[in-house]
Structure formats: C-alpha cells, structure tokens
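Visitor: I'm new to protein structures and I'd like to learn how to read one. Could you walk me through it?

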Amino acid sequence: MRRPQLLLVSFLLLGLASGQTDATYITPELQRLIQAGGQSYASTLLKQAPDQALCSIHRNRLPPEVLGPFIEAQRRLIRYPADGKLMGDWKRGEAIYNTLARGNCFSCHVGSPTNIGGNVGPSLEKYGQRGTSEAVQRYTYEVIYNTWAYFPCTVMYRFGVGGLLKPEEIADVVAYLLDPASDFNTRPALRR
C-alpha cells in the first residue's frame, strides 16, 4: 500500500476504534498537511494514546456519547498516595509549584507569591479560601493528577498519569494550595 493510502486507512481505523464511524474529520486539507509533514510527523500522529487520539479526532470537543465513558476512563487512572493523605507538606509543594523543571504551575496560573503567574489557566489566587474539606482536597488532588477526569482534552499537564509527579508530590502541591499557613495563602500573588 502506498504511503498516502496507508495514512488515510490508519486515520479511518483510528476513527472507527474511537466510535467515529465516518471520515468527515479528515478534510482534504488535513490529509494534505499530514502527507506533507513527512514520516516522523505522520508517525507521531498515528502513535497517539487512545485518549489523546479521541481529543484529536474531535478537536478537543468530545461529543456527548463519548464524553461520559471518556471521563470514567480518566477517573480510573487516578492513583492516591500510599498513606491516603491528600494534603502533604506545603513547603515541598511550594518548591514543586514554583520550579520550572518540576510542576511549573506558575507558568499558567496566577497565585504564587514567588513567581509572576501566567494566564493560560485560571487564577488560583486565594485558592485556600475553599477550605480543606475532604471534598476540596480530593477535587484538587484529582485535577492535578489527571485533569482530563474533570476537563477533558485541556492542555494542562496530567501530572500523575504522565508520571511527572508522584502521588505524594501531588499531595504536597495540594497542601501548598490549600493549607491556610502556606505562603500561597498568606502572601499576595505576584503580578505583572
């Protein structure tokens, strides 16, 4: 089979595997761009994880018949700290939150008293005002572990699923955001 035909068939199979029964998402322009991108580009697109492929196929707007099963599958991926505590040490969480090579959270969110925040994600300033109930801790932990369990296809890192942070490290970040004594909640956020 020739390369363009192989690419087209691969995308059709990808669509069928995800429940998409037609090829309307492959426009002639998209097909041309994929073919022009070369082998490496096409290979990257074709090797997407199934959940990422669903986001790509539906252009990050999952239809209702896909959304529910997608969220359920994402929630099943969440793992918790071995000790069961969803709030760890806020000082360790501060280092993770404010370090480029670790959490890098400040690059997208306003709220840090240490770094000027970005505006890709919502502001987290005064996040600790939500309190420290078990529900708030669990929600915060799960969003950081696998944001797609709440916000499918968003650009936020899936820190736990992607293996970027261990469950205990995520609990430390949760503490940094929620603990009333943390610098995040006792000092003003830096702004531009």
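Guide: Happy to! Let's begin with two helices: H7 passes H8 in a right-handed crossing. Keep in mind that this is a predicted model.

Visitor: Which residues make the contact between H7 and H8?

Guide: From H7 come Val136, Gln137, Thr140, Tyr141, Ile144 and Tyr145, while H8 brings Pro167, Ile170, Ala171, Val173, Val174, Leu177 and Leu178. Sorted by class, the contact of H7 with H8 has 11 nonpolar residues, two polar ones and no charged ones.

Visitor: Okay, let me try another pair. At what angle do the axes of H6 and H8 cross?

Guide: At roughly 100 degrees, and the axes come within 7 Å. H6 and H8 are therefore roughly perpendicular to each other. On the H6 side you'll find Trp90, Arg92, Gly93, Glu94, Ile96 and Tyr97, and they meet Glu169, Asp172, Val173, Ala175, Tyr176 and Leu177 in H8. That contact divides into seven nonpolar, one polar and four charged residues.

Visitor: And how are H4 and H5 arranged, roughly parallel or roughly antiparallel?

Guide: The axes of helix H4 (residues 50-57) and helix H5 (residues 64-76) cross at roughly 150 degrees and come within 11 Å. H4 and H5 are therefore roughly antiparallel to each other. H4 passes H5 in a left-handed crossing. The residues in contact are Asp51, Leu54 and Cys55 of H4, with Val66, Phe70 and Gln74 of H5. By class, the contact of H4 with H5 has four nonpolar residues, one polar and one charged. While you're looking at H4, its buried residues include Asp51, Leu54 and Cys55.

Visitor: Let's go inside. Which residues have the most contacts in the largest nonpolar core?

Guide: Those are Tyr97, Tyr141, Ile144, Ile170, Leu177 and Phe184, in a core of 24 residues. The elements giving two or more residues to this core are H6 (90-97), H7 (134-145) and H8 (167-178). H8 gives the most, with seven residues. Apart from this core lies another one, of seven residues, with Leu62, Val66, Trp148 and Cys153 among them.

Visitor: How far apart along the chain are leucine 178 and methionine 87?

Guide: They are 91 residues apart along the chain, yet their C-alpha atoms are separated by 8.2 Å. Leucine 178 lies in helix H8, and at 0% relative accessibility it counts as buried. Again leaving out neighbours within four places, the contacts of leucine 178 include Met87, Tyr127, Val136 and Asn185.

Visitor: What about backbone angles? Which phi does arginine 59 take?

Guide: Phi of arginine 59 is near 50 degrees, a positive value in a residue other than glycine. Arginine 59 is found in the loop between H4 and H5. At 54% relative accessibility, arginine 59 counts as exposed, because the cut-off is over 50%.

Visitor: And is cysteine 153 buried or exposed?

Guide: Cysteine 153 is buried, with a relative accessible area of 8%. Cysteine 153 sits in the loop between H7 and H8, and has a positive phi of about 70 degrees although it is not a glycine.

Visitor: Last one: how many helices and strands does the protein have?

Guide: Nine helices and zero strands. Of the 192 residues in the protein, 41% are buried. And among contacts between residues at least 6 apart in sequence, 61% join residues at least 24 apart.

Notes
Residues are numbered from 1 along each chain as its sequence is written. This is a predicted model: local features need pLDDT of at least 70, side-chain atom pairs count only at pLDDT 80 or more; totals for chains, interfaces and linings use all residues. Side-chain values use heavy atoms; hydrogens and water are left out. A nonpolar core is a set of buried Ala, Val, Leu, Ile, Met, Phe, Trp, Tyr and Cys residues joined through side-chain atoms within 4.5 Å. Buried means under 20% relative accessible area, exposed over 50%, partly exposed in between (1.4 Å probe, protein chains only). Helices (H or I, at least four residues) and strands (E, at least two) are DSSP runs, numbered from the N terminus. Axes are lines fitted to C-alpha atoms, for helices over the stretch in contact, and angles run from 0 to 180 degrees between N-to-C directions. Angles under 35 degrees count as roughly parallel, over 145 as roughly antiparallel, 65 to 115 as roughly perpendicular and the rest as oblique. A crossing is left-handed if the near helix is turned anticlockwise from the far one by less than a right angle, and right-handed if clockwise. Contact means heavy atoms within 4.5 Å. Ala, Val, Leu, Ile, Met, Phe, Trp, Tyr, Cys and Pro count as nonpolar, Asp, Glu, Lys and Arg as charged, and the others, Gly among them, as polar.
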